[in-house]
Number of protein chains: 2
Amino acid sequence: MTQNVSVVLAARPNGKPRPSDFELVEETLPELAASEILLKNHYVSLDAGFRNWMDEGSGDDVLPAMPLGAPVMGLVLGEVLASRSPEFAPGEMVMARLAWQQYSITDAGDFLVRLPEKREAPLSYYVGVLGDTGLSAYFGMTDIAKPRPGETVLVSAAGGGVGSIAGQVGQILGARAVGIAGGPEKCARLRTELHYDDTVDYQREADLDSQLRSACPDGVDVYFDNVGGALLENVLEHINEGARVVSCGAVATYGQPSAGPTNLFQLVTKQASMTGFLTHTRADRYPEARAQLQRWINAGQIVVPEYCKDGIEQVGPAFCDLFAGNNFGKTVVRL
Amino acid sequence: MTQNVSVVLAARPNGKPRPSDFELVEETLPELAASEILLKNHYVSLDAGFRNWMDEGSGDDVLPAMPLGAPVMGLVLGEVLASRSPEFAPGEMVMARLAWQQYSITDAGDFLVRLPEKREAPLSYYVGVLGDTGLSAYFGMTDIAKPRPGETVLVSAAGGGVGSIAGQVGQILGARAVGIAGGPEKCARLRTELHYDDTVDYQREADLDSQLRSACPDGVDVYFDNVGGALLENVLEHINEGARVVSCGAVATYGQPSAGPTNLFQLVTKQASMTGFLTHTRADRYPEARAQLQRWINAGQIVVPEYCKDGIEQVGPAFCDLFAGNNFGKTVVRL
């Protein structure tokens, strides 16, 4: 009898999640039913957006709020151990929105994404730069932001999984990349390791405006926003005519009330746009996007930072690290 | 010696403008200098957006704040009485951003728009439905909103100059038009005179959400926003996947601090966009747009409501009427 350890939602987070909101539960794996497959999970991907399903009454009909006491919903990458589905065979690697567990049992369905058999990258990249995280950076930048050579691309949470890739994609497209991150150490890593052209330290609130002016002397043409909240209001004061704000995430507002920007009229006076998007609705274009990102990685044009922890007991704390800003690069846990 | 009466900015408005913020001043017209032309103004167009230049320190380098004691900047339509410019001849009709005055003296330049010699519409239409007002509705709807047949177009300040046209253009493009206005009388006029499919009375704040749900049972695909502020937050809760918010104006925020929407994350979950625009940057397309609007008017597909006052002394009060919501249709003063 195989034992399975899951991370369950022990308490609904009050604002930012804390490690005590999560608990480990061990149980015996049931037998596979018809059409089910058993996955041994190798990586859990930590993504701040899942915080949105942790509040009572959050979510919607399609994806309701996570139940208390049940395994926490998340993105996992696993290997098929056993299959009662004709579609998947043992040994195949798949990704899906499942739960924070050592083993998963799931229906083989449309929502399981098969990894390519020939892989040029480490396994963890498939939930990171080659998964929804990197694809968010890719689609947000190439489909919506569309920076032109010489333009300035400003990225918030630039040290995060998406942000660390977004600025580099902007540079490949010919733009100057400026990253916003918390603290001098992260800002330095953005400049030295990820080759961001300049950085803004949002923890120095007092001179945020002068930092933005100095880092973006020609104004902001693209704001790739992973944060929302008060920072968005600051940035809107610096946008150029025709600027594109790409709303990728809003970690500042997840699970906590946050005032909206009072200066949205900047969109009118600057003839600018603010556009939200979801990556998973572009699943038909994943192969093309993943191939392009792989080429850029192979050519050394994209550096891939990872914040990797080990063991199922680290999943909850690693999720909390996202909100504390402790991570640099894509946050994953290896099981 | 011709006497000229001007409306000057007597006091900077505190929030919404009041009639006492404006004063009449009479002076003798000077002689024309070389290259200048003298206009006898027939219509003053009242546009809420000009409120943005009435505060101390407002505006920018290109268009700074209006000076206290000087004639108020606005859109006027006048007839050339005398010309020392080779470009304009007496008798021609022109429009320009000049000031609230009976007569204007100006340099002949790029900013004077000549009316066509053959006119199919009343003169006042050229500052209204065939001027920046109607063109804002036209470009906002055809360039940005692009409603598809069967979609729902929601218009705020639907009884205003722009809003009264925007919904009708939406209907011509095949959409269902829903108008937001203040009070049962205006809402009734939207439905009966302008053929809006349904209306929402924003003065009934208590049941705004249920009104929106009932008037837009299939959700909102296009929000043509002339108001901004708190109403935008209400509407964002009702947008559909792929919705387009067209930011045309934000009368609720002009000259008064206004909280921003706290639910901008709706743009992400609905993959929606919010786009601001200015009409005057599309001046090269005015002839095409004006011809299209004229055809729709001739065919009876667009009804043109006007809120018309008479006499230079009515210009200040008519401007205040915009903010009190007293107007229905385009607000103009005939001189």
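Two residues are in contact if their C-beta atoms, placed from the backbone, lie within 7 Å. By that rule, 100% of the interface residues of chain B are also interface residues in chain A, so the copies meet through the same surface. The model is predicted.

**How the copies are related**

Two copies of a chain are related by a rotation about an axis and a shift along it.

**Where the chains touch**

The contact draws 25 residues from chain B and 25 residues from chain A. On the side of chain B that touches chain A, α6 (266–269) and β13 (273–276) each supply at least two residues. The largest share of that side, four residues, comes from β13(B). Sorted by class, this side of chain B has 12 nonpolar, 12 polar and one charged residues.

Strand β13 also pairs across the two chains. β13 (residues 273–276) of chain A and β13(B) run antiparallel and share three bridges. A:Met274 has B:Met274 as its bridge partner in β13(B).

**The sheet that spans both chains**

This pairing sits inside an open sheet of 12 strands with mixed pairing. The strand order is β10(A)-β9(A)-β8(A)-β11(A)-β12(A)-β13(A)-β13(B)-β12(B)-β11(B)-β8(B)-β9(B)-β10(B). At the edges stand β10 (198–201) of chain A and β10 (198–201) of chain B. Each has a single partner strand, so one side of each is left without a neighbour in the sheet. Neighbouring strands of the sheet are turned by 15 degrees against each other on average, direction ignored.

In chain B, β8 (residues 152–155) and β9 (residues 176–181) are parallel. Within this pair, B:Val155 has B:Gly179 as its bridge partner in β9(B). In chain A, helix α3 (residues 184–192) lies across β9 (176–181) and β10. The helix runs at about 165 degrees to β10(A).

**Strand pairs at a glance**

| Strands | Direction | Bridges |
|---|---|---|
| β13(A) and β13(B) | antiparallel | three bridges |
| β8(B) and β9(B) | parallel | four bridges |
| β3(A) and β4(A) | antiparallel | eight bridges |
| β4(A) and β5(A) | antiparallel | seven bridges |

In chain A, β3 covers residues 36–45 and β4 covers residues 73–83. A:Ser45 of chain A stands opposite A:Leu75 in β4(A). Strand β5 of chain A covers residues 93–99. A:Met73 stands opposite A:Ala99 in β5(A).

**A helix crossing in chain A**

Helices α1 (residues 132–145) and α7 (residues 286–298) of chain A have axes that come within 10 Å and cross at roughly 95 degrees. α1(A) and α7(A) are therefore roughly perpendicular to each other. From α1(A), the contact takes A:Gly134, A:Leu135, A:Tyr138 and A:Phe139. From α7(A) come A:Tyr286, A:Ala289 and A:Leu293. The residues of this contact divide into six nonpolar, one polar and no charged.

**Beyond helix α7**

A:Ala299 lies in the loop between α7 and β14 (306–310) of chain A.

Technical notes
Residues numbered from 1 in each chain as written. Chains lettered and ligands numbered in written order. Predicted model: local features only at pLDDT ≥ 70, side-chain atom pairs only at ≥ 80, totals over all residues. Pairing = 2+ DSSP bridges. Axes fitted to C-alpha atoms, helices over the stretch in contact; angles between N-to-C directions. Parallel < 35°, antiparallel > 145°, perpendicular 65-115°, else oblique. Nonpolar A, V, L, I, M, F, W, Y, C, P; charged D, E, K, R; others polar.
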